[in-house]
Amino acid sequence: MCGIVGYTGHREAYPVVLKGLKRLEYRGYDSSGVALLNGGLKVYKKKGKVAEMEDAVVGKDLHSHIGIGHTRWATHGEPSDRNAHPHLSQSGDIAMIHNGIIENYAKIKTELVSKGYTFKSDTDTEVLLNFIDDIKKNNECSLEEAVRIALRRIVGAYCILLIHKDDPETIIAARKGSPLVIGIGKGEHFLASDASPIIEYTKEVVYVNDYEIAIVKPDELILKNLGNDKQTPFITKLDMELAAIEKGGYDHFMLKEIFEQPQTIFDCLRGRLDADKGTITMSGIEKYAEQIIQAGRIIIIACGTSWHAGLVAEYIIEELCRIPVEVEYASEFRYRNPIVNKGDVIIAISQSGETADTLVAIENAKEKGAIILGIVNVVGSSIARLSHAGAYTHAGPEIGVASTKAFTGQLAVLMMVALKLAQVKQTITAERYTSLCKELAEVPDKVADILKLDEHIQKLAEKYKDATDCLFLGRGYNFPIALEGALKLKEISYIHAEGYPAAEMKHGPIALVDEHLPVVFVATKDSYHEKVVSNMQEIKARKGKVIAVITEGDTVSPTLADDIIVLPPADEIIAPLLTTIPLQLLAYHIGIAKGYDVDKPRNLAKSVTVE
Ligand code: M6R
């Protein structure tokens, strides 16, 4: 939530910061702004997307070798020019940007107001900034020292970047709970919420830890903790190419990411699954396999699409490994005083690795002695670093706000985890294990075949785009896929959509069914197929419009459905990796047909770093 960029060095700062903001725009697009230092602090900011700010500064003198920039997902205060970052302190001495939420801002604001401070915005950020400036003036100390003193009183999450009017070289940065990466160049440093604004310039980066303050100059990077002790920066080499964060000829990142899935699933399986030898190698999981098996249960914690991946995993792990699994919304788990004991196994699933609720939930569980296994896409992210072990999904950067390839990466990893544990626990026969390994290895090719249905699905999108509501139904392994299909559609097309277990539909949602309601059935051949077909009958009897995702060779569903999407056959355990693809395409094409910005749907942000 919110993207931040900073630069100090020999280049012109504005183009670097602007390009960085465009790369981070997926994190929020309510407003954007930059602060530069050129004969005093210059702040330019504008409500709306980065392009609007870019237009607004045409003709201005943007020369500066230091700069900070921000793209906002509003928390405190409506999206507006006034609430856009950077903010200037009342004295005009300091400019600051912030990603996060200062929970005790109201108390600090009251104190500052009593000292005569006035505020131009409704933001918690402006409060923290004036608090820092006030401390600096009262203590006659450096900006770095003032930040340190202020942050000791702050409750909440932050990544902040500050520049001072009298220091044309130094950016002071600090983080707790919101990410910060610093790229190390020759005589220059780059700061950002993730590595995407940096990889073009350098592959050497430092991930700043919670409670660290960075003093960043062109030739120097000093890290300190809040106690003023120097910390050794740990330099990591980025394993990411520039092409991975560009659209590569596609109209939208979402479409590119959907079409990348044969490759990303292949990358996820590569080096782990050897279907010919029947082996699965996952060192992070293997190290804890015995403990997982001994544990009375597995708790899966996630949000949104990642939570849906967790639900699929619940069904698969319980079936194959006979280990009880609970799937929890991170936001509920962290506040409801759950029972977590030493040695409990928690699997945290997150694309970004920065989701605040998931992060805090596992921090709490770790403190209680739980083993944390992270299934994460973004390498080096907070959840990845907090986990004892885990597995990356290797889907590459996912820029579209709607999660697509990260979801299939999560499913692929979780299926391998389940197979590995089942093998160690000996709850799977050798034949079934070998057959599932083979089927898993075939998924990239099958996904490539399904993507050939794109044109057909685009036509369906035209036909159903004016629906006001939509139901998604599935059973068993395909029930979470129905939930995910509904989430994708509502995020991208703003059509109200609900996912339901197909049989549960008659306990309420069936009241919605009439000749205007499209009902998407995820109805591939599995143990529940006949029952799902009966549910289809029930919808047709009430004149609902049925769109059925079915398996090749199914002769019954086409006689009931208004429209069909035919997929290659697959074992029911593997099927979710296939059935989700047409639902991603359907949501994408309906969003496009309605003229929406599918990469940046309204009100959403890619990385939800606030609770
Ligand atoms: O980065 P995470 O996987 O932790 O994010 C969780 C959710 O915020 C995310 O899946 C969200 O629901 C997506 N917009 C879904 O497309």
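This is a tutorial dialogue on reading features of a predicted model.

User: Into which domains is the protein divided?

Analyst: The model is predicted. An automatic or database assignment divides the protein into domain 1 (3-244), domain 2 (248-450) and domain 3 (452-602).

User: How should I read a sheet, and in what order do the seven strands from β5 to β14 lie?

Analyst: Strands of a sheet pair through backbone hydrogen bonds, either parallel or antiparallel. Here the seven strands form an open sheet with antiparallel pairing, in the order β5-β6-β7-β8-β12-β13-β14. Because β5 (87-88) and β14 (230-231) each have a single partner strand, they stand at the edges, and one side of each is left without a neighbour in the sheet. Helix α4 (residues 124-139) packs on this sheet and touches β5, β6 (94-102) and β7 (156-164). The direction of helix α4 makes about 125° with that of β6.

User: How many bridges join β8 to β12, and which residue stands opposite Ile172?

Analyst: Strands β8 (residues 171-176) and β12 (residues 212-217) run antiparallel and are joined by five bridges. Opposite Ile172 is Ile215 in β12.

User: What is the order of the five strands in the parallel sheet, and which strands are at its edges?

Analyst: The order is β24-β23-β25-β26-β27, and this sheet is also open. Its edge strands, β24 (496-501) and β27 (563-567), each pair on one side only. From one strand to the next, the twist averages 15°. Within the sheet, β25 (residues 518-522) and β26 (residues 545-551) run parallel, with five bridges between them. Val520 stands opposite Ile547 in β26.

User: How is the size of an interface expressed, and what area do domain 1 and domain 2 bury between them?

Analyst: The size of an interface is often given as the accessible area lost when the parts come together. Domain 1 and domain 2 bury about 920 Å², with 50% of it on carbon and sulfur atoms. On the domain 1 side, Tyr26, Tyr207 and Ala244 lose the most area to domain 2, together 47% of what that side buries. The contact involves 12 residues of domain 1 and 11 residues of domain 2. Taken over C-alpha atoms, the centres of the two domains are 33 Å apart.

User: How many salt bridges does the rule count, and what is the distance for Lys137 and Asp93?

Analyst: The count comes to 39 salt bridges. In the one between Lys137 and Asp93, the closest N and O atoms are 3.0 Å apart. This pair links distant parts of the chain, 44 residues apart: Lys137 is in helix α4, and Asp93 is in the loop between β5 and β6.

User: What should I look for in the backbone, and where do Pro86 and Tyr211 lie?

Analyst: Most residues other than glycine have a negative phi, and most peptide bonds are trans. The peptide bond from His85 to Pro86 is cis, with omega near 0°. Pro86 is located in the loop between β4 (66-72) and β5. Tyr211 is not a glycine, yet has a positive phi of about 65°. Tyr211 is placed in the loop between β11 (204-207) and β12.

Conventions. Residues are numbered from 1 along each chain as its sequence is written. This is a predicted model: local features need pLDDT of at least 70, side-chain atom pairs count only at pLDDT 80 or more; totals for chains, interfaces and linings use all residues. Side-chain values use heavy atoms; hydrogens and water are left out. Two strands pair if DSSP finds at least two bridges between them. Helices (H or I, at least four residues) and strands (E, at least two) are DSSP runs, numbered from the N terminus. Contact means heavy atoms within 4.5 Å. Axes are lines fitted to C-alpha atoms, for helices over the stretch in contact, and angles run from 0 to 180 degrees between N-to-C directions. Buried area is the accessible area (1.4 Å probe) that two parts lose on being put together, summed over both. A salt bridge is a side-chain nitrogen of Lys or Arg within 4 Å of a carboxyl oxygen of Asp or Glu.
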